[in-house]
Protein chains: 2
Amino acid sequence: MADSLYHVAGIGNAIVDVLVHADDGLLHTLGLAKGVMTLIDSGEAERIYGLLPPGVECSGGSAANTLAGVASLGARAAYVGKVKGDQLGEVFRHDIRSAGVAFDTPAAPDGPSTARCFVLVTPDAQRTMLTYLGACVELAPDDVDPAMIAASDITYLEGYLYDPPLAKQAFLKAADCAHKAGRQVALSLSDPFCVDRHRAAFLDLLADHVDILFANEAELTALYRTADVDEALRQVRGHCRIAAITRGAQGSVVVNGDTAVSVGADRVGQVVDTTGAGDLYAAGFLAGLVQGRDLAGCALLGGIAAGEVISHMGARPERPLAELARTKLGQFNSNP
Amino acid sequence: MADSLYHVAGIGNAIVDVLVHADDGLLHTLGLAKGVMTLIDSGEAERIYGLLPPGVECSGGSAANTLAGVASLGARAAYVGKVKGDQLGEVFRHDIRSAGVAFDTPAAPDGPSTARCFVLVTPDAQRTMLTYLGACVELAPDDVDPAMIAASDITYLEGYLYDPPLAKQAFLKAADCAHKAGRQVALSLSDPFCVDRHRAAFLDLLADHVDILFANEAELTALYRTADVDEALRQVRGHCRIAAITRGAQGSVVVNGDTAVSVGADRVGQVVDTTGAGDLYAAGFLAGLVQGRDLAGCALLGGIAAGEVISHMGARPERPLAELARTKLGQFNSNP
């Protein structure tokens, strides 16, 4: 995959996370099921914010987290997403650019404010999310530059993009541009409830547009409406070239035609906050692919990147992942 | 000290911190001396932000951090400070209120944006700060409600308030209201360079207005222009009722008339970020005073609060301090 401008171009909902520590009592008060992402409107966002403890703001957004990870692993990364020209929009723009990701989508001059996601982290390190999409609903096909997509080895799309209607069209335009240029398209299923909301559309996408699929077991079984992970894995084999399925503490399994590769999770110390685990797994896997690693190597790198992000609060890497990967892969190679 | 509405009312510069990990090379590039707080204007803030790595936003401000600590220790706390009615202003307001601190200062409807402080944390856990005062320059005497100050046991003022000129007048009005109501005034010297900027004014303040002084050794020796800490301690005895002087890893010394009490620092695991250490020491000390503890008990509680805040990034407590204090003081009492 030579002569590309970017190794990975990602498109997603550009979101600033508000991280708070929460206990099960607060989830109960707010009527929230643990682990789920719920969409909220601006009125609900204001009401709920008033009930939350002090927070910490940091840039998030599923695909944006992935691209920050791709760049941290030394690959060339670009991102497309919509913020407003407000303070949180400036924070988002600063953080992704300073992470080494090209980001040139113009900010919305008016309309809803930059998107926020309240991330409630419970003592068991699970995260429960409430997302106000804000300016993300303004992302439109015009924001996708066909030349940029055509010059990127892999175009990475998050399933959450199907929630704002215009963004879905931007998504389809990008997938089309990528394929016309002979490039690859990767999709993350994002969330089991997101799969429920857009299941038919996602199945169509897989049939026509997706080369590489990322999902966890809950998302994959939601897609195929089966409780049987093996059955879901059997079905997905026929629907895309590579499917990388994460299994939490059990690591991941990658299917590719008739082959399947299982890799254990990276050993980490304390798991502090699982936010971004799937996003960073995708980052490591994609960086592995563009570096020419085999599927086991890609899955291993995915596990290393995910392991770093769950060891602290927030969904973006805090340590340079390329360095971490060199150390960890070195240990792996010398201790087979 | 019965029948007060608040145990502690604090006045300070209302600031949102932008925390970034930095190495000594970045400090060198920016021409910064480690550990110092430098004031910057909006143009410099924009230029420097562009050079910083990805950050995390969380509410800060010296006195605001102290009041959040006072509330976390179970005392009744109120805060006066000026934000703008922008997104970072809303973040500041949410965080301090949800920390249990009364905060009713109206936001500035126009003018400069909410203040930001870039906090560069180096691997040695030292912090170097760049502050854009923004809306803090709009804090005015009218923002100080004499009835609220008169109804508070202790009015706590940060030395940094002497940087914006109008805020200094608000400061003096508050000190005057407090004393007319027979209440106490506490001052934190904030920073050795802040002491250099306002030395004569601070000496006048100590002579006329301050009952309780908080400083570290560098600030105290800057105030008395001596390299000899013992000499500075001798001088400060005559200038205020209580002086609580922090000594980093050596704990603190409290002087009160002819008596002096030394207390060791609280034992903590890894020191991650020393931002807020002095602010939280003041919180513990003041909460101890309003709970009727002796000076050693106040200093011990100061050390416990400071120990919590240096064990993580950010200058506000992450754990309920009242609970932590019960555990730690219990251990202390059973292991004399």
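Predicted model: local features only at pLDDT ≥ 70, side-chain atom pairs only at ≥ 80, totals over all residues.
Two strands pair if DSSP finds at least two bridges between them.

1. **E5 and its neighbours in chain A.** Tyr79(A) stands opposite Phe103(A) in E6(A). The two strands concerned, E5(A) and E6(A) (residues 101–103), run parallel and are joined by 3 bridges. E5(A) also pairs with strand E1 (residues 6–11) of chain A, again in the parallel sense, over 4 bridges. In that pairing, Ile11(A) has Val80(A) as its bridge partner.

2. **Both faces of E5(A).** In a regular strand the side chains alternate between the two faces of the sheet. Strand E5 (residues 77–80) of chain A is covered on both faces. Ala77(A) and Tyr79(A) are buried on one side, while Ala78(A) and Val80(A) are buried on the other.

3. **A helix pair in chain A.** Two packed helices are described by the angle between their axes and the distance between the axes. For helix H9 (residues 217–224) and helix H10 (residues 229–237) of chain A, the axes come within 9 Å and cross at roughly 70°. H9(A) and H10(A) are therefore roughly perpendicular to each other. From H9(A), the contact uses Glu217(A), Leu220(A), Thr221(A) and Tyr224(A). They meet Val229(A), Glu231(A), Ala232(A), Gln235(A) and Val236(A) of H10(A). By class, the residues of this contact are 5 nonpolar, 2 polar and 2 charged.

4. **Where the chains touch.** On the B side, 19 residues are in contact with 19 residues of chain A. Strand E4 (56–59) and helix H4 (87–98) of chain B each supply at least two residues of that side. H4(B) gives the most, with 6 residues. The side of chain B that touches chain A divides into 9 nonpolar, 6 polar and 4 charged residues.

5. **The sheet of chain B.** Here 9 strands form an open sheet with mixed pairing, in the order E6-E5-E1-E9-E10-E11-E12-E13-E14. Strand E6 (101–103) and strand E14 (259–263) of chain B stand at the edges with a single partner strand each, so one side of each is left without a neighbour in the sheet. From one strand to the next, the twist averages 20°.

6. Within chain B, strand E1 (residues 6–11) and strand E5 (residues 77–80) run parallel and are joined by 4 bridges. Val8(B) stands opposite Ala77(B) in E5(B). Helix H11 (residues 277–290) of chain B packs on the sheet, touching E1 and strands E9, E10, E11, E12 and E13 of chain B. The direction of H11(B) makes about 165° with that of E9(B).

7. **Helix H12 of chain B.** This helix (residues 295–309) has 15 residues and reaches 21 Å from its first C-alpha to its last, close to the 21 Å expected at 1.5 Å a residue. H12(B) is mostly covered, with 12 of its 15 residues buried. Among them are Cys298(B), Leu301(B), Ile304(B), Glu308(B) and Val309(B).

8. **A closer look at Leu300(B).** Leu300(B) has 25 C-beta neighbours inside 10 Å, so it counts as buried. Leu300(B) and Ala315(B) are 15 residues apart in sequence and, C-alpha to C-alpha, 19 Å apart in space.

Conventions. Residues numbered from 1 in each chain as written. Chains lettered and ligands numbered in written order. Axes fitted to C-alpha atoms, helices over the stretch in contact; angles between N-to-C directions. Parallel < 35°, antiparallel > 145°, perpendicular 65-115°, else oblique. Contact = placed C-beta atoms within 7 Å. Nonpolar A, V, L, I, M, F, W, Y, C, P; charged D, E, K, R; others polar. Expected span 1.5 Å × (residues − 1). Buried ≥ 20, exposed ≤ 12 C-beta atoms within 10 Å, placed from the backbone.
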